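Open the model in your viewer and keep the selection tool ready. The tour goes stop by stop.

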Amino acid sequence: MSTAVVHSLWTTAADPISKIGAPKIEYAQLAPTLIVVGAAVVGILVEAFVPRRSRYHAQLFVSVVALVAAFAAVVALAADGYGTTKAHIAAMGAIAVDGPALFLQGTILLSALVGLFTFAERRLDPETHGNRVDSFAAQAASVPGSDSEKAAVKAGFTTTEVFPLLLFAVAGMLVFPAANDLLTLFIALEVFSLPLYLLCALARRKRLLSQEAAVKYFLLGSFASAFTLFGIALLYGYAGSVSYATIAQVVDGTVTNVSPALADTMGNDVLLLIGAAMIVMGLLFKVGAVPFHMWTPDVYQGAPTPVTGFMAAATKVAAFGALLRILYVVLPGLRWDWRPVMWGVAVVTMLGGAIVAITQTDIKRLLAYSSIAHAGFILAGVIATTPDGVSSVLFYLAAYSFVTIGAFAVVTLVRDAGGEATHLSKWAGLGRRSPLVAAVFAVFLLAFAGIPLTSGFAGKFAVFKAAAEGGAAPLVVVGVISSAIAAFFYIRVIVLMFFSEPRPEGPTVAVPSPLTMTTIGVGVAVTLVLGVAPQYFLDLASQAGVFVR
């Protein structure tokens, strides 16, 4: 009897199944991300089932096809009007399909494709035991200097897992600037951070330095992720939602249906201010802004140079995209609170990066501090809080990413017996030994310095103009002073290359395969085209500069 009663309770109390709605996912609009994730999974299967000697070519093919197809999907969506008139929120409110998202996704995919060619480069190191080798460890799991490592090198092993890792990182980066709720933002952050922690540890030469860089990046990145997560929890406690639009309404006070519980927390500005500060702190860490920049020089120096180039370009694009969306879509009602703080961060980032870079003796550390200074310049555009501010940041990110990957690709070419010769003293007289390589590197350095007729000048001009019109003129003055300080150490490297005597025991310049030549060629072409004729791309960025709510 009792069992029958219990049974009837179970069957009558449950809701009819028809009430559970299936999620509505717009697969076509999420195609760029889905293609990259699918290819990354295929890459893992290639590692499992394809014979070792064929893996490199299979992985390279899968990765190139995926990135090209994903970029084509972004272009198709933009051409279909999803960047302007059809911009909307997809995937049950989790992803925004709008101009900034598509522009940044296109930039990330192109820079990943160009960076991928440096990953695949196999002609720079001398052949070992008759096998061509790349920049990555023969066997990542073996202890540096151990017998198992020597056996792996002798057998000609290569770490082809770097290709799926790159694709997973790209997939996370594609979602990060397009996320439209805080949980999606956090998941995307982890999806692109974890592969980067691994990639940093995989250098073939100087493995201990590489592993040290990865551990530093992992520990500091974990702290930053924890801050972000705690901030998300506090904002959820404040607004009762993780959705960007709902939080923005609660912050503005325009929310309509207020429950008694929400009414209690809405009055508590401490939750809002600390939560917002923690999330922004996590994003500033990824961007490499002072005072969250400590990881940048060590990680850039220790990671394999192809990874450094990819990470320096693509991570900045993704993180600035997410930062823009948080500040412009979620927290416009807090503008008077966050603008003064961002002013301070931008000033110390510009000056700190430029001044400390002067003292550097390692070319990779110098480029790392340069990237910190550039984060400050981009923040000037973020502070503008105008549509021009958004479009200037988008343009700057596109210009900066190609210069960065090109510059690090050149760094991989200058080598001595110990691998890459990154100490500045070894670059002396490079212009006489190899005029072409030195001239190309000089072009990239001039672009970093913001000299006219390079993409760097067009980018800085756009950002400073937006900042001045947005009422941040003193910030522009600081930016110009920082640019002048930064120009000093860029010009110093050019003088060192062209006007110093080459050392007899100096490094040689390796002749790369067409892969690295393509990377450097694309970098130079973009730098000059965006410098000489930037208007089309500035217009493109301004069309793409409107966030969907």
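A polar contact here is a pair of N or O atoms within 3.5 Å; within protein, one must be able to donate a hydrogen and the other to accept it. Keep that cut-off in mind for the first stop. Note too that this is a predicted model.

**Stop 1: Ser241**

Select Ser241. It sits in the loop between α8 (207-239) and α9 (244-252). A polar atom of the Ser241 side chain lies 3.0 Å from the backbone nitrogen of Ser243.

Is Ser241 buried or exposed? Ser241 has a relative accessible area of 14%, so it counts as buried, the limit being under 20%. Next, display what surrounds it. Leaving aside neighbours within four places in sequence, Ser241 is in contact with Leu235, Tyr236, Thr246 and Ile247.

**Stop 2: Asp298**

Move to helix α12 (residues 295-302), where Asp298 is found. Asp298 is partly exposed, because its relative accessible area is 23% and that class lies between 20% and 50%.

Which residues does Asp298 contact, leaving aside its neighbours within four places in sequence? Select Ala213, Lys216 and Arg365. Then pick the C-alpha atoms of Asp298 and Ala214. They are separated by 9.2 Å, while the two residues are 84 residues apart along the chain.

**Stop 3: the largest nonpolar core**

Now go to the largest nonpolar core, which has 177 residues. Colour Val170, Phe176, Phe310, Leu379 and Phe441: these have the most contacts inside it. Then select helix α13 (residues 305-330), which gives the most to this core, with 17 residues.

Zoom in on Val170. Not counting residues up to four places away in sequence, Val170 touches Val36, Leu67, Ile108, Leu109, Ala112 and Phe310.

**Stop 4: the largest pocket**

Finish at the largest pocket, with a volume of about 610 Å³. It is lined by 22 residues. Select Phe71, Phe103, Gly106, Thr107 and Leu540, the closest to its centre.

Which helix gives the most to the lining of the largest pocket? Select α4, which supplies six residues. At least two lining residues come from each of α3 (52-79), α4 (99-119), α16 (387-411), α21 (514-532) and α22 (535-543).

Last, colour the lining by residue type. It divides into 16 nonpolar and six polar residues, with no charged ones.

Terms used: Residues numbered from 1 in each chain as written. Predicted model: local features only at pLDDT ≥ 70, side-chain atom pairs only at ≥ 80, totals over all residues. Heavy atoms only, no water. Helix = DSSP H or I, 4+ residues; strand = E, 2+ residues; numbered from the N terminus. Buried < 20%, exposed > 50% of the residue type's maximum accessible area, 1.4 Å probe, protein only. Contact = heavy atoms within 4.5 Å. Core = buried A, V, L, I, M, F, W, Y, C linked by side-chain atoms within 4.5 Å. 1 Å grid on protein atoms, 1.4 Å probe; cavity = no way out; pocket = protein on both sides within 12 Å on 5 of 7 lines; lining within 4 Å. Points joined across faces, edges and corners; volume = space filled by probe spheres on them. Nonpolar A, V, L, I, M, F, W, Y, C, P; charged D, E, K, R; others polar.
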